[in-house]
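Biologist: Please take a close look at a single chain of this complex, and tell me how it is divided, how its parts meet, and how it meets its partner.

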Amino acid sequence: MKTFKEYIAYPYGLWMIIFIAVPLLVVIWFSFLSNPDFKMGEYTFTLDNYKEFLDPVYLELLYRSFVYAVIATLISFMIAYPLGNLIVSLPEHRQNLMIVLMILPMWVNFLLRTYAWMVLLSGSGLVVKFLGLLGFTDATLLYTQSAVILGMVYNFFPYMLLPIYTSLKKIDPDLLRAATDLGANHFQMFVKVKFPLSLPGIVSGCMMVFMPAVSTFVISNLLGGGKYMLIGNLIEQQFLTANNWNFGSAISMVLMTIIFLVLGIARLIAGKEIDTGGQIL
Amino acid sequence: MRKLFKNLAFGLILLFLYAPIFVLIIYSFNDSKIMGSWSGFTLKWYVMLFQDRYILQALYYTIIIAVVATAVSTFVGTLSALGIYQMRSRLKKPYLFMNNIPVLVPDIVMGITLMSLFIFTGMKMGLTTVIIAHITFCIPYVILSVMPRFSRLPENIFDAALDLGATPRYAFWKVLFPEILPGVTSGALIAFTLSIDDFVISFFTTGNGVSNLSITIYSMAKAGINPKINALSTIMFGSIMLLLIIINFRSEKGIKQI
């Protein structure tokens, strides 16, 4: 295939340098500058932006983002893994139908679905009324931590299901049968054979939920009512309302560091590369 | 018993996934403007939707952005995937590394980096900047779905076609292209979906009164969303359902014919 030369990829290389590499470098460079007197062009090199982040207020916010994202990831996993197993046990055409049904809601605008949850969870909403029937009167659901986590699980759950389903489907049923034939009980078969074989799917599913969850600002804004600021809210605020871009850039760098650390750990667990259904992370 | 349990599990998860969507659809027929209080059936929001220039313009921008971003990113992405596939490994690594950045970096960071670039270079924020941003985050997904198709090809398939007398152009369209087509289509589909649904990156890179549906919805969300938006999303969801049913029906007919 020597007729096609590599230079047909050069324009995209240039595009990537201009619109991916340079902007990222600008923000990294920005995170080390400060402009205390708000004068144009008078920037000084400093680590203050990172030091400012060590304030307990911001650390609490970072901790909260991390914990919420981990909880949302775990809940999604606990729903998606058994569900994936159930789907795999269906006949082939029913499997496809189920997967389509699970993805279909994602075709409705993400913000609209989140807004619909605001309606459902509000004081006069169906969920509260239903809980009232069960005896849990005056439960507040909207603008709570649980609402934020629910929003994360709801929006990112399909990203967990798909890789898990794919990895479960790839497992040769003969392997599982062989394990039971050789005397493994159901539990041993699961721990020693099925779970390790589905691990790559689990890890990529967890990454696909954790990454958007830890960086969201929309869900916390709408379902948390601004009471539970996450790191994403802080970045948005610094860039759009506080206009402290240097601090905003430093927070973005912290967020990226966390994500790359988690990704590194995930790679260690899953082996070399993480396959998320076609995308290599 | 086992079957009952299975159906119950599926029922519950589908209820969870579809509850918000049913809420949206039901309240698009609600006479009251407030979601959550039902006061009779009406179709007026559907009529009013087509008179609302603000929403129709947001819809128009959403579609324009998605179509342009998908077309450009599919074209550039496919060609670049071919180029990257041919590269010596010295160049290949940095290409794939940079290509992965938009996939790995959170939306909000992509948004602010592009926003900083546009403001620094003095570009006027508006339709152009949003389209540039969308192309930037769509191409990586196209490349990631086309690349595996190239790696799966027999190494000499193109040379074989040339040896057998095909012109390069003929060999490309008749031999190479059909092989990579599934990857190109799925890449285009991913790009379109991502672009239509994107909020965060558009939110940071837009300006000048250009807003897509997501931005419009976000700006309405705190005060309450106008039922016209519900009507619009009911129409959109309905058409996707219809499309899927048609595809399903046709493929079932195809199976029967075989």
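Modeller: Domain bounds here come from an automatic or database domain assignment. This is a predicted model, in which local features need pLDDT of at least 70, side-chain atom pairs count only at pLDDT 80 or more, and totals for chains, interfaces and linings use all residues. Residues are numbered from 1 along each chain as its sequence is written, while chains are lettered from A and ligands numbered from 1 in the order in which they are written.

On that basis, chain B consists of domain 1 (1-42 + 229-258) and domain 2 (52-225), and the centres of these two domains of chain B, taken over C-alpha atoms, are 29 Å apart. Where they meet, domain 1 of chain B supplies 4 residues and domain 2 of chain B supplies 6, with contact meaning that the C-beta atoms of two residues, placed from the backbone, lie within 7 Å. On the domain 1 side of chain B, the touching residues comprise 4 nonpolar, no polar and no charged ones; Ala, Val, Leu, Ile, Met, Phe, Trp, Tyr, Cys and Pro count as nonpolar, Asp, Glu, Lys and Arg as charged, and the others, Gly among them, as polar.

Turning to the partner, 63 residues of chain B are in contact with 61 residues of chain A. Helix 1 (residues 2-27) of chain B gives the largest share of the chain B side, 11 residues, where helices (H or I, at least four residues) and strands (E, at least two) are DSSP runs numbered from the N terminus. By class, that side of chain B has 47 nonpolar, 12 polar and 4 charged residues.
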